Amino acid sequence: MRTLWLSLLLSAAFAAVSSQSLAGETRAAQILDRFEHANQWRDHVMIAAHRAGSMQAGKTLYAENSLAAVEGSIAIGAEIVEVDVRRAKDGAFVIMHDSWLDRTTTCKGEVVKYTLAELKKCRLVIEGTGAVTNETVSTLREMLLTTRDRILINLDNKLEVTDLPGMIAEARDLGMVDQVIVKENLWNRQRIDAASAALARAGGGFQFMPILADDAVHDAVFAGEVDKAFAPRAIELINWRNGVETLTSTGGPLFSNHMRAEAARGDWHLWADTYAIVNKPGGFLAGGRGDELAVAASLPREAWGFWVDRGATIIQTDEPKAAIAWLAANGYRVPYTTDIKQAEPAHTASIN
């Protein structure tokens, strides 16, 4: 009996210390705790805002990949912002999805043919309305300074894997390498080995998230190999939409009971994508069950709820505000510490 009481007292003391520790942590640190301990947070679904989170209710509110979009995503409570990284002519890392500037800026031509100084003259444009913003093309450093200690950042490398160490070096220089998630598509042993070599050159400390798509990976066995090679905290799973009419009824071979068992064994999150792809059928990366179904068709349970039912604990979406609201209303969000320390954005600091 004495042993039992001692155990209970130690547990209570540990809980109190943990609570006090969390109260003093930054927002990013609390998010990182949930990201790194999936099995402890299976009752909470995290939201990753695609291209920094530019949309709301089917309308584009911010320029994609913009600092303003990041601020909006932080304000609504998203845990992760996804941004795309390219290089300028003089080698600077910049935030831009397309290889051309035409769609998202006031400039024309290829990103790589502009120096950083020239890119800084390009204004970001809100897609759909065509409204020109006061914001220019961001550098990776500016984006990192904006997210630091406030939200995790997922870097979608639009370059070669050999460029990854340079990106990680910038985050390391800012003391936030642990807040960065990088990803790579994997489908066989050769890709695992190639990614391992590239990641080794980048050093440690950051989060690596493998991407598995069901056009090449057909069961959870390969996920087990990936887990042994990288011990990731999340794996992005893609259910390609093969037809235009039919919605997936099962989530495909990757969202299986076996995959959920692998995730529990490895303590990693199942990451689902519901965002739209231009000129592709709705829900192209989600078996038809994407943001269009949730928002335009007003069927969020058939989209976000479907993936949660199949084990997803991170959803990357173009509709972060609507997704968070629906998840919270249906018991899929666990509030963070109320007195969480909010770091101020740092992008006004010297960055040149």
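Start by selecting helix H5, residues 140–147, and colour Leu140, Glu142, Met143, Leu144, Leu145, Thr146 and Thr147, which are buried (under 20% relative accessible area with a 1.4 Å probe, protein chains only; exposed is over 50%, and partly exposed is in between). Helices here are DSSP runs of H or I with at least four residues, and strands are E runs of at least two, numbered from the N terminus. Because seven of its eight residues are buried, H5 is largely enclosed by the rest of the structure.

A word on what you are viewing: this is a predicted model, in which local features need pLDDT of at least 70, side-chain atom pairs count only at pLDDT 80 or more, and totals for chains, interfaces and linings use all residues. Residues are numbered from 1 along each chain as its sequence is written, and side-chain values use heavy atoms, without hydrogens and water.

Next, show what covers the buried residues of H5: among the elements are helix H3 (67–76), strand E4 (80–87), strand E8 (152–157) and strand E9 (180–185). Contact here means heavy atoms within 4.5 Å. Then step just past H5 to aspartate 149, where phi is positive, at about 70°.

Now pick isoleucine 153. Leaving out residues up to four places away in sequence, Ile153 touches Val81, Val83, Met143, Leu144, Thr147, Met176, Gln179, Val180 and Ile181. Ile153 is also listed with Leu155, Val182, Leu186 and Leu212 as having the most contacts inside the largest nonpolar core, which has 68 residues. Such a core is a set of buried Ala, Val, Leu, Ile, Met, Phe, Trp, Tyr and Cys residues joined through side-chain atoms within 4.5 Å.

For the next stop, centre on His50, Arg51, His97, Tyr275 and Ile277, which lie nearest the centre of the largest pocket among its 36 lining residues. E4, E8, E9 and strand E11 (234–238) are the elements giving two or more residues to this lining, and E9 gives the most, with three. A pocket is an open set of points on a 1 Å grid over the protein atoms alone, where a 1.4 Å probe fits, with protein on both sides within 12 Å along at least five of seven lines; lining residues have an atom within 4 Å of a point.

Finally, zoom out: the chain has twelve helices and 13 strands, and 52% of its 352 residues count as buried.
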